[in-house]
Amino acid sequence: MFGLLVIFMIPQVAVVTPFYKLFVQFNLRDTLFGLILLYSVFTVPLVVWIMHQVFEEIPDSLYKAARVDGCGNWKIFYKVYLPLGGSGMISAGLLSLMFCWNEFLFALTFTSTYASRTIPVGITLFTGQYEFPWGEISAATSIVTLPIIIIVILVQKHLIRGMAGTGSKG
């Protein structure tokens, strides 16, 4: 777990150059697949850390009760851990989505065409001839935050339900 935490804590600026060389070598520069792969490298440790904490909170008595009832490992996972860990999965997914949605440095460094640029990079590249287009940037930023806000509102009841119930009856 410590190794995963260390990977997540590495500053992005420190690894831009090595990743750039790898991207050029493997022809991943200016591709969405390359960005997805890079974002996965940095978000998977966060997701694993969160899910580890969520699964540790589930009482061992539920595992033992399922074992007594004759459940195998996969059935225990699908019937006990997966439903109780749903709120953690949603939280981890939302945090990963927000990290990737707002990430700027890698997207600016590894993309050069309009087709592969992400929204934060596109907004930053708004330019005016004689002045900075604050109105357009503000409008674009407001529109870009709407999907995240809508997703959080839609998932909010699942998050609250997961935090309120621990799965044990006393």
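**Exercise 1. Cysteines**

Is Cys71 buried or exposed?

*Solution.* The structure is a predicted model, in which local features need pLDDT of at least 70 and side-chain atom pairs count only at pLDDT 80 or more, whereas totals for chains, interfaces and linings use all residues. Residues are numbered from 1 along each chain as its sequence is written, and side-chain values use heavy atoms, with hydrogens and water left out.

Step 1. Apply the classes: buried means under 20% relative accessible area, exposed over 50%, and partly exposed in between, with a 1.4 Å probe and protein chains only.
Step 2. Cys71 has a relative accessible area of 16%, so Cys71 is buried.
Step 3. For Cys100 the value is 23%, and Cys100 is therefore partly exposed.
Step 4. A disulfide is a covalent bond between the sulfur atoms of two cysteines.

**Exercise 2. Helix 2 and helix 3**

Describe the packing of helix 2 with helix 3.

*Solution.* Step 1. Two packed helices are described by the angle between their axes and the distance between the axes. Helices (H or I, at least four residues) and strands (E, at least two) are DSSP runs, numbered from the N terminus. Axes are lines fitted to C-alpha atoms, for helices over the stretch in contact, and angles run from 0 to 180 degrees between N-to-C directions.
Step 1. The axes of helix 2 (residues 12–25) and helix 3 (residues 32–57) lie 12 Å apart, at an angle of about 140°.
Step 2. Angles under 35 degrees count as roughly parallel, over 145 as roughly antiparallel, 65 to 115 as roughly perpendicular and the rest as oblique. Helix 2 and helix 3 are therefore oblique to each other.
Step 3. Their crossing is right-handed; a crossing is left-handed if the near helix is turned anticlockwise from the far one by less than a right angle, and right-handed if clockwise.
Step 4. Helix 2 contributes Val15, Phe19 and Phe23 to the contact, and helix 3 contributes Gly34, Leu35, Leu38, Val41 and Phe42; contact means heavy atoms within 4.5 Å.

**Exercise 3. Helix 4 and helix 5**

Which residues make the contact of helix 4 with helix 5?

*Solution.* Step 1. The axes of helix 4 (residues 60–68) and helix 5 (residues 73–84) come within 10 Å and cross at roughly 145°.
Step 1. The crossing of helix 4 with helix 5 is right-handed.
Step 2. Leu62, Tyr63, Ala66 and Arg67 of helix 4 meet Asn73, Ile76, Val80, Tyr81 and Leu84 of helix 5.

**Exercise 4. Phe110**

Which residues does Phe110 touch, not counting residues up to four places away in sequence?

*Solution.* Step 1. Phe110 belongs to helix 7 (residues 105–110).
Step 1. At 1% relative accessibility, Phe110 is buried.
Step 2. With that sequence exclusion, Phe110 touches Val16, Phe19, Tyr20, Phe23, Arg29, Asp30, Leu35 and Leu38.
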